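Please keep the sequence and the coordinates open while reading.

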Amino acid sequence: MRSRLVTLLVAAVVALTSLAASPAPARADGAPVLQVTEFTGVGLDVVPNGGTQFLQASCPTGMTPLSGYVTSSAVDDLRRLFETFHVVDGGNFQTSIVNFGAQTRTVQAVVRCVTTGQLGTVLTASGTFDAASDHVAEGTVSCSDGWIPISASVTEPHSPDRTLLTSSPTADLSGWTARAWVGDPDDPTEVMTVEVNCIQKTRLPGIVGASNYDGVGWGAGATADCPTGLQPLYGGTAHVGGDRGAITVLAHPTGTGWASTTLSLSTGSMLTVVACVPAALPTISLSGSAGYTNQPSLSWSFSATDPAAAGGYSLGTVCQTFHPGTGRLPHPCTSPITGSGLADGAHTIRVWAETSDGRRSVVAEATVTVDTVAPTVTMSAPPIFPPTRSVAVAWTGADATTGIRGYDLRRRRTPLVGAISDWTTPVSTLALSRTYDDLAEGATYCFEVRATDRATNVGSWARRCTAIPVDDRSLSRSAGWSEVAAPGWLDDTALETTERGASVFRRATTRRVALTALTCPTCGAVAVLVGGTEVGRIDLSAPSTQRRLLTLPPFAVATGALVVKVVSDGKLVRIDSVSSSR
């Protein structure tokens, strides 16, 4: 047994989403709720005038027959004697075929199944019909109000000489009509019985009937197509007018509707009816505000399309919006949706399309995050007076709403004497630090960093300046100094003296001075002068012996010779470097 999957989309009842303070991930609502799978029975060869062949196709356990049909290796005079449907779990479709054609044909029964329970309760309505003098029995059996037919068993239980002429749902899908030829119209036991399987119409919301008239002829086709965007569920063909004796063979679904072949030289016409359901869900497209913005406004536009609109369904849109701290229940809406004066934070829309038959599109969702506040930056390095000519610049950024997108870093240099340089072109970075090596000794470098957030707000510059030390060997000096090796000190060297009045100097414009020197219990003291004016003294005596950075309080900016002068007598003064900052 082989199977072929045909998916039919039938509307689902839409449940409105509960109010929530913030949106959950969008779901692909509106997935198909009815799947029809076709199962084909064993193929049998039917020889011309060789008697009947019994055909059957069964649903597997867990599935129920919806409808069925017969296939043949070629179109021919293959007449049905009866059709029956056992609409239960694991039920089947049965029929019997006689070949009145000239060639042997291979025939198979096909049953169309759905998961048990998807059709709900199945009720049977039945009727028994006597044959008229022309041997034709005909009748229509209707379902109850609110119920529709899905299939019908048409039999002549007491007649070995009979033919099922036509079998079809009525054009309004309220019942089933059938016609059969019986051998002896005067025998009260030779009757046609029609048992219609009916389900509640709400089980197939959106179902519509389509019909078409074709002429009667031997081998003539009879078809009916579903409206655009709908696909066939079941169908049949009936003879209208004429001598009532037209026969339909090989009735079957097509990609767009239902078809059969007519065998008759009678008059009248053939009415083909097909029950159709939407073949696709509606779609929704959403555009407009999304991502991040520094403007407190938004605009969303959306449009919906129903591929099955030809079925006569109306189409609407439903929205659910979320704003910081609030949410709104789903409600009918129209495009566009705009807003102004919005609070900072995430603003979300969910929108979907719904049809009058209950089909629902997937949920389209967009979120725009409003951020009107610029980010801030705090710098933690470098120090004002670093110990070497290499410095690390470090910072952190903060943004309350959208987060930091990146940083801009720039610097400028101020020499010991002379004009301050322009700021360099900012360099963009995602890092939180940067190291600069081999900076010019004696120069003061200022570094500035600013942040940009994801909403393109640009924060203010944060600044930090650092004065690069001047090594002892780069200082001018008076007599009395000795150069000594000092591993671990700047450039591993130092100057030392015990003579009062010995000095080192360098011209500078400055307002702050620092000295890196040795402190020890027997160390001396120095005075610092700028342009001949003493700006401070540094006592190098201390309980422990170590290399230390010693700073003077800031003073008024002055330009001139920056002099470090020994003011002690006979005590050790060892200098590593002098730092100066404006």
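How far apart are the sulfur atoms of Cys 143 and Cys 198 in their disulfide? They are 2.0 Å apart.

## Basis of the values

The model is predicted: local features need pLDDT of at least 70, side-chain atom pairs count only at pLDDT 80 or more, and totals for chains, interfaces and linings use all residues. Residues are numbered from 1 along each chain as its sequence is written, and side-chain values use heavy atoms, with hydrogens and water left out.

## Disulfides

A disulfide is a covalent bond between the sulfur atoms of two cysteines. The criterion applied here is a pair of cysteine sulfur atoms within 2.5 Å. By that criterion the structure holds six disulfides. With bonded cysteines counted along the chain, their pattern is 1-2, 3-4, 5-6, 7-8, 9-10, 11-12.

The link of Cys 143 and Cys 198 is left-handed, with -80° about the S-S bond. This pair links distant parts of the chain, 55 residues apart: Cys 143 is in the loop between β10 (136–142) and β11 (147–155), and Cys 198 is in strand β14 (residues 191–200). Strands, like helices, are DSSP runs numbered from the N terminus (strands: E, at least two residues; helices: H or I, at least four). Both Cys 143 and Cys 198 are buried. Buried means under 20% relative accessible area, exposed means over 50%, and partly exposed lies in between (1.4 Å probe, protein chains only).

## Two further pairs

Cys 59 is joined to Cys 113 by a disulfide with an S to S distance of 1.9 Å. The torsion about this S-S bond is about -90°, so the disulfide is left-handed. Cys 59 lies in the loop between β4 (52–58) and β5 (63–72), while Cys 113 belongs to strand β8 (residues 105–115), so the pair ties together parts that are 54 residues apart in sequence. Cys 59 and Cys 113 are both buried.

Another disulfide is formed by Cys 446 and Cys 465, whose sulfur atoms are 2.0 Å apart. Here the torsion about the S-S bond is about 105°, so the disulfide is right-handed. Cys 446 lies in strand β35 (residues 444–453) and Cys 465 in strand β36 (residues 462–467), so the parts tied together are 19 residues apart in sequence. Cys 446 counts as buried at 7% relative accessibility, whereas Cys 465 is partly exposed, with a relative accessible area of 25%.

## A three-stranded sheet

Three strands form an open sheet in the order β30-β31-β34, with antiparallel pairing. Two strands pair if DSSP finds at least two bridges between them. The edge strands, each pairing on one side only, are β30 (376–381) and β34 (433–436). From one strand to the next the twist averages 20°; axes are lines fitted to C-alpha atoms, for helices over the stretch in contact, and angles run from 0 to 180 degrees between N-to-C directions.

Strand β31 (residues 391–398) is joined to β34 by four bridges, and the two run antiparallel. Ala 392 stands opposite Thr 435 in β34.

## Arg 179

Arg 179 lies in strand β13 (residues 175–182) and counts as buried at 9% relative accessibility. Leaving aside neighbours within four places in sequence, Arg 179 is in contact (heavy atoms within 4.5 Å) with residues including Glu 138, Leu 164, Met 192, His 239 and Arg 244. The side chain of Arg 179 reaches the backbone oxygen of Arg 244 at 3.3 Å.

Conventions:
A polar contact is a pair of N or O atoms within 3.5 Å; within protein, one must be able to donate a hydrogen and the other to accept it, and residues adjacent in sequence count only if both atoms are side-chain atoms.
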